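Thanks for asking me to look this over with you. Have the sequence and the 3D view open side by side, and take the points one at a time.

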Amino acid sequence: MANPSLSEIVTTTLRDRSKVLSDNVTNNNALLARINSKGNRKPASGRDIIQELEYAENGTVSMYSNYDVIDTTPQDVLTSAVFDWKQLAGTVTISGLEEVQNSGSERVIDLLESRINVLEKSMANTLAAQLYSAGAASTDLDGLQKAVADDPTTGTYGGINRANFSFWRNQSYDFSALGITASSTTIQTAMNTLYLNCVRNADATDMIVAGNTYYTYYWESLQNIQRITSDGQGAAGFTSLKYLNSDVFFDANCAATRMYFLNTDYMKLRYHPDRDFVPLETRNGFNQDASVIPVAWAGNLVSSNASLQGVICA
């Protein structure tokens, strides 16, 4: 029996590794790793990504005594946000000459592992950067600049116009609008104010991500106090501090003068099961002696509660 071609080995190996590749990509970033740990990496299907929302409290709840009538008025407390599918792809390419040169099994594996590792890192880096996208291009992820807007009173997110629906507005602390200069002496006041604005009963910020400038300001404000996250966060390799019960992460992809307060119970990465970093059919060039194996992902970053998210900006 003839040995399988190198392109077939690549495709088979990619299929076998698709779950590993998916886990490695999503765990490459502190926010996605937190979403994973919360069980908020959820499959989706259909023409759009539908995310159910709780937008109001149940108005029938009240104190009563003895034979008082209990309110049975039907309550409309749920709605949905609608998000577009966003797609990410990369390829592993094999030329006919490389198939000849790497016909030995050891050489095949060496070449394959190297190229898959590069693809994995490249896709992880792109997805990590897209987490902070403002969705300016139609192909961009609905990242944190859109989900947690500097000005939450304008713009449409998830198909809902924030100008018309106050329940869909995130919290914002704007140094410039308040006439305050951002610095290591003012950053904690901003953080205290925004944190309290993002609290609802037991719901509170559990994760803060910041760019270079604001992370440095917070770090400097702790000059005489050394604070680190749990051993688990340190072992994951992420640079972080601590604020109350929240982990504070530095992310080079985040704008230097942004600090996001996130309640990750309500942040989700929705993906299509058939496009979860899986290899597609091999493409053979009609005028080239080469095979191209695409690896694709489709999904979006979504929020199910905007009011519990916040941003410090200037």
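Below are some numbered notes, moving from the chain as a whole to single residues.

1. **The whole chain.** Please keep in mind that this is a predicted model. The protein chain has 9 helices and 15 strands. Of its 314 residues, 45% are buried. If you take the contacts between residues at least 6 apart in sequence, 74% of them join residues at least 24 apart.

2. **Helix α2.** The buried ones are Ala-30, Leu-31, Leu-32, Ala-33, Arg-34 and Ile-35. Now look at the two ends. At the start of α2, Asn-29 brings a side-chain oxygen to within 2.8 Å of the backbone nitrogen of Leu-31. Just after the helix comes Gly-39, whose phi is positive, at about 75°.

3. **Helices α7 and α8.** How do α7 and α8 lie relative to each other? The axes of α7 (residues 187-197) and α8 (residues 212-221) come within 9 Å and cross at roughly 105°. Angles from 65 to 115 degrees count as roughly perpendicular, so α7 and α8 are roughly perpendicular to each other. On the α7 side, the residues that meet α8 are Ile-187, Gln-188 and Met-191. Their partners in α8 are Tyr-214, Tyr-217, Tyr-218 and Ser-221. By class, this contact has 5 nonpolar and 2 polar residues, with no charged ones.

4. **Ser-303.** Is Ser-303 buried or exposed? Ser-303 has a relative accessible area of 1%, and buried means under 20%, so Ser-303 is buried. You will find Ser-303 in strand β14, which covers residues 290-303. Its side chain has two backbone oxygens to look for: that of Tyr-266, reached at 3.5 Å, and that of Asn-305, which lies 3.3 Å from a polar atom of the Ser-303 side chain. Leaving out residues up to four places away in sequence, Ser-303 touches several others, among them Gln-51, Phe-83, Tyr-157, Trp-168 and Gln-309.

5. **Arg-270.** Strand β12 (residues 267-279) holds Arg-270. With a relative accessibility of 11%, Arg-270 falls under the 20% cut-off and therefore counts as buried. The side chain of Arg-270 reaches the backbone oxygen of Lys-42 at 3.5 Å. Beyond residues up to four places away in sequence, its contacts include Lys-42, Pro-43 and Ala-44, as well as Trp-297, Ala-298 and Gly-299.

6. **Ala-255.** This residue sits in the loop between β10 (246-250) and β11 (259-262). Its relative accessible area is 37%, which lies between the 20% limit for buried and the 50% limit for exposed, so Ala-255 is partly exposed. Ala-255 and Gly-211 are 44 residues apart in sequence, and the distance from C-alpha to C-alpha is 5.1 Å.

7. **Cysteines.** How many disulfides are there, if a pair of cysteine sulfur atoms has to lie within 2.5 Å? The count comes to 0. Two cysteines to check are Cys-254, which counts as buried at 4% relative accessibility, and Cys-313, which is buried with a relative accessible area of 1%.

Definitions and conventions:
Residues numbered from 1 in each chain as written. Predicted model: local features only at pLDDT ≥ 70, side-chain atom pairs only at ≥ 80, totals over all residues. Heavy atoms only, no water. Buried < 20%, exposed > 50% of the residue type's maximum accessible area, 1.4 Å probe, protein only. Helix = DSSP H or I, 4+ residues; strand = E, 2+ residues; numbered from the N terminus. Polar contact = N/O pair within 3.5 Å; in protein donor to acceptor, adjacent residues only side chain to side chain. Disulfide = S-S within 2.5 Å. Contact = heavy atoms within 4.5 Å. Axes fitted to C-alpha atoms, helices over the stretch in contact; angles between N-to-C directions. Parallel < 35°, antiparallel > 145°, perpendicular 65-115°, else oblique. Nonpolar A, V, L, I, M, F, W, Y, C, P; charged D, E, K, R; others polar.
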